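This briefing is intended for a reader new to the structure shown below.

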Amino acid sequence: MSQTLYSRPASFWTEAQPLGNGSIGAMVFGGTDRERIALNHDTLWTGIPSFNSRDGLRETFERARALALDGNYTEAHRVITEGFETKRTARYQPFGDLLIDFPAEADVSGYSRRLSLDDALLTVSYQRGGVTFTREQFCSNPDRLLAVRMSADRPGELSFSLTLTSPMRHTLCADGASLLLDGECPLTYDKASPIYSEQPGERGIRFRGGLRLVTDGSVCAQDGRLIVTDASEALLLFTITTSFLSWDRLPEGEYEREALDILEAGAALGWERLLTRHLEDYHRLFDAISLDLGSSGREELPTDERLRLFEEDGEDISLYTLYFDFGRYLTIAGSRAGSQAMNLQGIWNESCTPPWSCNYTVNINTEMNYWPTLMCGLDECYEPLFRFIADRAVSGRRTAKTFYGAPGWVMHHNSDIWAYTTPAIDGNAMWGFWHGGSGWFCHHLYEYYEYTGDLAFLREKAYPVMLEAAVFYHSLLVRREDGKLSVCPMTSPENRFMTDGGSAAVAKWTAMSDSIAYSLFSDCKKAAQTLGIEPDGVLADILAALPDMEPLKIASDGRIMEWNEEFGETEVTHRHVSHLWALYPARMITPDGTPELSEACRRSLDRRGDRGTGWSLGWKINLWARLGDGERACRLLDTQLHFVSPEIDSYKFRGGTYPNLFDAHPPFQIDGNFAAVSGILEMLAVQRPTSSGADELVLLPALPAKWRSGSLRGLRLRGGRVLDLRWQDGQVTECTVR
């Protein structure tokens, strides 16, 4: 059984256990006197559709470009910072809490809080006054609700009261056996104070949280609470509906009746049928792949205790499997067909003013959320990312034209539910000016085709978006001093370099931007050949540029050059390793095919060091796995499993893992959870491109010594194949590709 287990209720949010159905997120604390279930919905955001713009943007860009080409990097940086400055993204908002209060007339014993990752079923049980109380709960994707069954093993001993709360403007109505909380998201915040509008056409997203109670006890409604007495069992059904329609429409959709209909249908089905439908839906996805590295004998210990022990001795072999399963669980819980793509915290957030607005940060983090999805056979969990990209391709056309005077579409380093694609400079070009998001997301589109072979998807959804993104980068190409072509100007995400004038982030070109452009142009070429498209017009121009593009250069010290010159970094151990994008997630560098570049990547990683935020550690795991160094990759994975106290939320501390297995940046960011899953798989099997264009399957390319024996079933490969693998004493004993 794969499970997270705790011997006491959660005191902090990062000790609570997550449930989700793609749209509704719940964090269960498991209290005995008061149960708190913190609730989210993926469409609860501040703001309404808008577009950031100001006068003179194209002129600002052209001036900065000329300055960068002239080597005046600090001035180019200043011009972009001041001239491209726009407002930040919207903020992802929490719904609030479901609170359940119980009589506290006796001490509690035998407490257990257990989340089965095999079934996505969370169970809280304990004894009080000689009675065993049990709460089972799950978030149903088929029926769009959270279901909680409460029971006592002695008839008539279950009594409680419950209510709903929200930090946003709202009203609450308790009627019969139902609670309805109707609320509204603010337009924005003035520091920590919400700002609302009463004007038609300016109202924020409205929402309804509805709860239906079914019980054999007595129920009365009083002062916004439902009070239950003398029950043996109770079923709570909860859902959230909102007025959000789409990124480009005012949030004025009908939603009130929808919540009532969902609850009515759920009550008609009842607990057993709801659970059966949930399990059928969940197992179809979770059972697609399995990993077994052996047993440690600690599987029945509380998960937080296991983390602490592992930091002491590193001996809990099955903790790797648990972390692997937890990451897959989070994908299924956080990203389903019809939901929004996962943001910095997936769908789970407790703050109205969360770190980094809990937005989409696309210079690594959003992409990282989906790294393991295809390998794990969770293709349908990719669907929200497709819509995310398609919407921003439309929004990004306006951004390309307004800010650059360029054709095609572009996306900068931040986005939100309103398909934000403009630069979020906010005082510094070092993060906001990076415009590689559109190219990176196109890598995901083509990768989906490589795994599935879905020609209709390639023809209708992927290729048009890819080509339009390539057109934008083609318009920014300049001829370098060595005769090669580069995208100019550009930054290497969130990093700065030293120049004669101080420090700057805006360079002539960067390894990352040129790698992304080269990869995109190459994928457009392959896609066009597959689809039988003749290379004329803009495609011909793009293909003509490919032979003159050389995205990577090796510096005199043997490392990959991050920028166009051998600048000194202002922070040698910077968390981003963007200049190694060609190694991972792309496949432009392999140990056998490009040994010199591989060695340069190795030296670059050594220089950066093994410390970093949670997601940075996750990226480095994958990079070392691609280089075939299983011991280094496993050492970083062990670092990522470093126990982080739930009281720590400052990024000044190294990354690690919170007690509930959430990745600690810190604070919580979900991307590191997913990077660890993809990194584990990269250590066990990899497909390397060869000079012939075919892929070579390499088994156990980066197997660490401590993973001496094990099995992997159901790994998805490019070309629509599936790998089953077993190894003993570091050697493959069984291998099936089907």
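**Backbone geometry and surroundings**

Arg144 is located in the loop that links β8 (131-140) and β9 (145-152); helices (H or I, at least four residues) and strands (E, at least two) are DSSP runs, numbered from the N terminus. The model is predicted, so local features need pLDDT of at least 70 and side-chain atom pairs count only at pLDDT 80 or more, while totals for chains, interfaces and linings use all residues. Residues are numbered from 1 along each chain as its sequence is written, and side-chain values use heavy atoms, with hydrogens and water left out.

**Positive phi angles**

- Arg144 is a residue other than glycine with a positive phi, near 60°.
- With a relative accessibility of 39%, Arg144 is partly exposed; buried means under 20% relative accessible area, exposed over 50%, and partly exposed in between (1.4 Å probe, protein chains only).
- Asp223, which is not a glycine either, has a positive phi of about 50°.
- Asp223 sits in the loop between β16 and β17 (225-231), and its relative accessibility of 74% makes it exposed.

**Cis peptide bonds**

- Tyr584 and Pro585 are joined by a cis peptide bond with omega near 20°; Pro585 belongs to the loop between α12 (537-545) and α13.
- The peptide bond between His665 and Pro666 is cis, and its omega is about -15°.
- Pro666 is placed in the loop between β27 (663-664) and α16 (671-684).

**Packed helices**

- Two packed helices are described by the angle between their axes and the distance between the axes.
- Helix α1 (residues 57-69) packs against helix α2 (residues 73-83) at an angle of about 165°, and their axes are 8 Å apart; axes are lines fitted to C-alpha atoms, for helices over the stretch in contact, and angles run from 0 to 180 degrees between N-to-C directions.
- Helix α1 is therefore roughly antiparallel to α2; angles under 35 degrees count as roughly parallel, over 145 as roughly antiparallel, 65 to 115 as roughly perpendicular and the rest as oblique.
- The α1 and α2 crossing is left-handed, a term used if the near helix is turned anticlockwise from the far one by less than a right angle, with right-handed used if clockwise.
- In this contact (heavy atoms within 4.5 Å), α1 contributes Leu57, Thr60, Arg63, Ala64, Leu67 and Ala68, and α2 contributes Tyr73, Glu75, Ala76, Arg78, Val79, Ile80 and Gly83.
- Sorted by class, the contact of α1 with α2 contains eight nonpolar, two polar and three charged residues; Ala, Val, Leu, Ile, Met, Phe, Trp, Tyr, Cys and Pro count as nonpolar, Asp, Glu, Lys and Arg as charged, and the others, Gly among them, as polar.
- Helix α13 (residues 595-608) and helix α14 (residues 614-626) cross at roughly 150°, their axes coming within 11 Å, so α13 is roughly antiparallel to α14.
- The crossing of α13 and α14 is left-handed.
- Where they meet, α13 supplies Arg602, Leu605, Asp606 and Arg608, and α14 supplies Lys620, Leu623 and Trp624; by class, this contact has three nonpolar, no polar and four charged residues.

- Ser339 lies in the loop between α5 (317-334) and β20 (360-361) and is buried, with a relative accessible area of 2%.
- Apart from neighbours within four places in sequence, Ser339 contacts Gly22, Ser23, Asp42, Gly334, Pro384 and Arg387.
- From C-alpha to C-alpha, Ser339 and Asp118 are 22 Å apart in space, and they are 221 residues apart in sequence.
- Ser711 is part of strand β30 (residues 710-717) and is buried at 13% relative accessibility.
- Ser218 is in strand β16 (residues 218-222) and is partly exposed, with a relative accessible area of 43%.
- Beyond residues up to four places away in sequence, Ser218 touches Ile227, Val228 and Thr229.
- Ser218 and Asn72 are 146 residues apart in sequence and 76 Å apart in space, C-alpha to C-alpha.

**Cysteines**

- The whole structure has zero disulfides, a disulfide being a pair of cysteine sulfur atoms within 2.5 Å.
- Cys185 is in no disulfide, and the nearest cysteine sulfur, that of Cys352, is 8.8 Å away.
- Cys185 is buried at a relative accessible area of 0%.
- For Cys358, the closest cysteine sulfur is in Cys352, 11 Å from its own sulfur and too far for a bond; Cys358 is buried, at 0% relative accessibility.
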